[in-house]
Amino acid sequence: MSDFVLSGLKATPGSVAKGTLGGVSLASGAIARLPVVVVHGREPGPVLLVTGATHGNEVVGTAALTATLRRLDPEKLRGTLIAVTVTNPLAFDAASYGSPYDLAHMAMPLLWPAMPDGMITQRLAASLRPAFDVATHYLDVHGHWDPGYAHPMVMLFPDQAADDQVRADQARMAEATGVTPVRMFEPKDGSGALVGSIAGQPAAAASTHGIAGIMLEVAGHQNVGGTDPARIAIMNVMRELGMLDSPAETSPRPRIPGRFAYHGALVNKKSGLLWSTRPMGELVEAGAVIAELTDPWGDLVEQIRMPVTGFRWNLSGAIHGSHSFAIPEGIVIGFVAGKEGD
C-alpha cells in the first residue's frame, strides 16, 4: 500500500490523518472549512466516502461517523475510509437545514460540475469534489426528527446508476445497512419538486458518475438519537465491501419485510395541530388514517390517509422550518414508500 493523499492531507498505510478540506472566509476573518478524517488501511481495498451533516441541522451523521471512527483500527482495515464529518459547516454552526448565507445545502446538484468561483456554498462543495474523485463507493448520512417520528431507511438510486455494476453495488450496500431499502425515483404527483430532484441528491449524482452511492435516513435532527443505527449501517457497509472482517451487526430497528419504492410526500390540506395515529415504520394498508389535524378550537379538520400500502419513514411537521407540528396548510409533513410486488 502506498500513502493516501487527499487535497494535501496525507495518510500512510495503517494510519489515521485528520484535517480539513477547502475553506471560505467570513466577514469576521474566520474561515469555514470541512472537517475530514482519513483512515487508511494496511491492505488494498475500496475507498468509501461517508458524509455527515449534508443538511446542517441533521447532526446524527456527524455523531455516527465519530462513533465509527472510535471503533476502527487502521492496522486491520482494507482500503480507505474518508469521513467528512461536517459537510456543510455554515449550516451546521447555525443549526439550520441550509446555509444562512445563501440558503443552499449540500444535498443539491453542486458537485458535477464543481463551482469553485460560485456562491459561498458552491465554493465549499467544490472543496468536497476531490474526495468523490478518488472514492469508489459513497454513503450520505441524514437525520429526521426524534425516534418517535422517524424510522430508519436507506435510499438507492438504480435509475441514476451509470451501469449494472454501480446498480448492483448500490443494492448490496443498501441491503448490508440492516435497515429498510427504498428504491427512489421522481414521484408522478410532482411532490418531489417540493424537496428537490432525486437526481440532484449527491448519492444519485455520484452513481451517475460511476461511484455507487446510497443515502441513509435515521432519527437525529438536531440530536444524536439515531447514532447507533447509523454507526451500525456504516460499519455493515464496510463489512460488505470487504474493508472489515468483523461479523455484521443487527440494527436495533431492523428492516420491514418486503420490497419498497418511493411514493412521494405527504402534504396537508388544512392548517392546525398535527397528530400521528400510527407508528412510524409500520406496514399499513392504503386508505388507513395515519395522521389527523385539529384546529385551535380542538375540532378535527382533516384525516390524512395512507396513499398506498406501505410505510411512512417520518412525520416531520414543517420540514424546512422548526419542525413544529403546528402547521399551515400545504406543508410537506412526511414521506411514504409503497410496497412492491413480491
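Strand E12, residues 272-276, is joined to strand E16 by two bridges, and the two run antiparallel. Strands here are DSSP runs of E with at least two residues, numbered from the N terminus, and two strands pair if DSSP finds at least two bridges between them. Within this pairing, Leu273 stands opposite Ala326 of E16.

This is a predicted model, so local features need pLDDT of at least 70 and side-chain atom pairs pLDDT 80 or more, while totals for chains, interfaces and linings use all residues. Residues are numbered from 1 along each chain as its sequence is written, and side-chain values use heavy atoms, without hydrogens and water.

E12 and E16 belong to an open sheet of four strands, in the order E14-E13-E12-E16, with antiparallel pairing. Its edge strands, E14 (300-305) and E16 (326-327), each pair on one side only.

Now the aromatic rings. Rings of Phe, Tyr and Trp (its six-membered ring) pair if their centres lie within 6.5 Å; planes under 30 degrees apart are stacked, over 60 edge-to-face, the rest tilted. That rule gives eight aromatic pairs. In one of them, Tyr149 and Phe325 have ring centres 4.9 Å apart and planes at 75°, so the pair is edge-to-face. Tyr149 is in the loop between E7 and E8 and Phe325 in the loop between E15 and E16, so the pair ties together parts 176 residues apart in sequence.

Buried means under 20% relative accessible area, exposed over 50%, partly exposed in between, with a 1.4 Å probe and protein chains only. Tyr149, at 28%, is partly exposed; Phe325, at 15%, is buried.
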